[in-house]
Amino acid sequence: MSRGRGGAGRGGFTGRASFSTNNPPPMGLTFADIQAISREQGALYPPLEPLPALTEYSEEEKRICELQLGFAARLRRSPYYVTELVKSTELERYADKYRPAAASQPKLERTDLHQPFFPQEVFESYFDPRKKRKSRQTDQSR
């Protein structure tokens, strides 16, 4: 059993990238090109252009921000912000505690809506899901 250096790894590969006469440098380079590249000092990062300075918000910008945040909050609290109740078999995630609970959302009642504005199928399937299941079963049996 030899403990010498011959065939240092699997398939005789030593793990070092060496270029010999059998293996010329890649991409048509010469040994002189490789030596010249290693001596050159390249720029690590592009020059940084000065960033604009952040100024104080104007009253108009503050008002716009307040209106936008208020609008989004009212939408989330309204009965028209419908979220599907999905029973998950997955583990509870940390981010789930920040999602609105179904109990905290106001219910959308049939009397709150003007029925002629909605397609009949959508309106009935939302307020009576059992009817939706029955119609699916009759469609599949045909």
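A residue is called buried when its relative accessible area is under 20%, exposed when that area is over 50%, and partly exposed in between, as found with a 1.4 Å probe on protein chains only. The structure is a predicted model, in which local features need pLDDT of at least 70, side-chain atom pairs count only at pLDDT 80 or more, and totals for chains, interfaces and linings use all residues. Residues are numbered from 1 along each chain as its sequence is written, and side-chain values use heavy atoms, with hydrogens and water left out.

The protein chain contains four helices and zero strands; helices (H or I, at least four residues) and strands (E, at least two) are DSSP runs, numbered from the N terminus. Of the 142 residues in the protein chain, 5% are buried. The average pLDDT, the predictor's confidence in each residue from 0 to 100, is 75 for the protein chain.

Charged side chains come next. Side chains of opposite charge can pair when their charged atoms come close. A salt bridge requires a side-chain nitrogen of Lys or Arg within 4 Å of a carboxyl oxygen of Asp or Glu, and by this rule there are three. One of them joins K62 and E59, at 3.9 Å from N to O. Because these two residues are three positions apart in helix α2, about one helical turn separates K62 from E59. K62 is partly exposed at 34%, whereas E59 is exposed at 61%. E66 and R63 also meet in a salt bridge, at 3.7 Å, and they too are three residues apart in helix α2.

R110 and E124 form a further salt bridge, with their closest N and O atoms 3.5 Å apart. This pair links distant parts of the chain, since R110 lies in the loop between α2 and α3 and E124 in helix α3, 14 residues away. R110 is partly exposed, with a relative accessible area of 35%, while E124 is buried at 16%.

The aromatic rings complete the picture. Rings of Phe, Tyr and Trp (its six-membered ring) pair if their centres lie within 6.5 Å; planes under 30 degrees apart count as stacked, over 60 as edge-to-face and the rest as tilted. The structure holds two such pairs. F118 and F123 form a tilted one, with 5.9 Å between centres and 35° between planes. F118 is partly exposed at 34%, but F123 is buried at 3%. Together with F127, F118 and F123 form one aromatic cluster.
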